[in-house]
Amino acid sequence: MSGPNGDPSVSIEVGEDDEFSEEEYAAINSMLDQINSCLDDLEERNDVLNAKLKDLLESNRQARQEFREQVAPPPGEPAEGDRVEQ
């Protein structure tokens, strides 16, 4: 197995005695740090997207409300499509 970033000079294979050398621990630690950094970046991007989606949702709600207010008939007049019974 290769080390961090595919570095073939650092092996992280477990030996017969199932103990890791200091070099192997350092390689594993480095890989975990890289994974953690990537996960932090993804979490930050997710938070930004979530905030943008909430803003878009609120903007859409406001636009629909404004549209309904523009289309709504004045008080006392029937809405379009309503039957006026005589």
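I searched the whole structure for salt bridges and found one. For this I took a side-chain nitrogen of Lys or Arg within 4 Å of a carboxyl oxygen of Asp or Glu. The model is predicted, and local features need pLDDT of at least 70, side-chain atom pairs count only at pLDDT 80 or more, while totals for chains, interfaces and linings use all residues. I number residues from 1 along each chain as its sequence is written, and side-chain values use heavy atoms, with hydrogens and water left out.

**Entry: the salt bridge**

I looked up the partners. Asp-41 and Arg-45 meet through their side chains at 3.1 Å, N to O. Both sit in helix α1, four residues apart, about one turn of the helix. I checked their exposure next (buried is under 20% relative accessible area, exposed over 50%, partly exposed in between; 1.4 Å probe, protein chains only). Asp-41 counts as partly exposed because its relative accessibility is 33%. Arg-45 has a relative accessible area of 53%, so Arg-45 is exposed.

**Entry: Glu-24**

Which charged residue is buried yet has no salt bridge? I found Glu-24, whose nearest side chain of opposite charge, Arg-45, is 32 Å away. Here Lys and Arg count as positive, Asp and Glu as negative; His and the chain ends are not counted. Glu-24 belongs to helix α1. Its side chain reaches the backbone nitrogen of Ser-21 at 2.7 Å.

**Entry: surface patches**

I used residues with over 30% relative accessible area and no salt bridge, joining like charges within 9 Å and nonpolar side chains (Val, Leu, Ile, Met, Phe, Trp, Tyr) within 5 Å. Charges were placed at NZ of Lys, CZ of Arg, CG of Asp or CD of Glu. Asp-40, Glu-43, Glu-44 and Asp-47 gather in a negative patch. Asp-40 lies in helix α1, residues 22–71. At 42% relative accessibility, Asp-40 is partly exposed.

I also found a nonpolar patch of Leu-32, Ile-35, Leu-39 and Leu-42, with about 400 Å² of accessible area together. Leu-32 is in helix α1.

**Entry: the whole chain**

I counted one helix and zero strands. These are DSSP runs (helices H or I, at least four residues; strands E, at least two), numbered from the N terminus. Buried residues make up 7% of the 86 residues. The accessible surface is about 7,900 Å², with 50% belonging to carbon and sulfur atoms. Areas come from the Shrake-Rupley method with a 1.4 Å probe; for residues, only the protein chains shown count as cover.

Note on methods: Polar contact = N/O pair within 3.5 Å; in protein donor to acceptor, adjacent residues only side chain to side chain.
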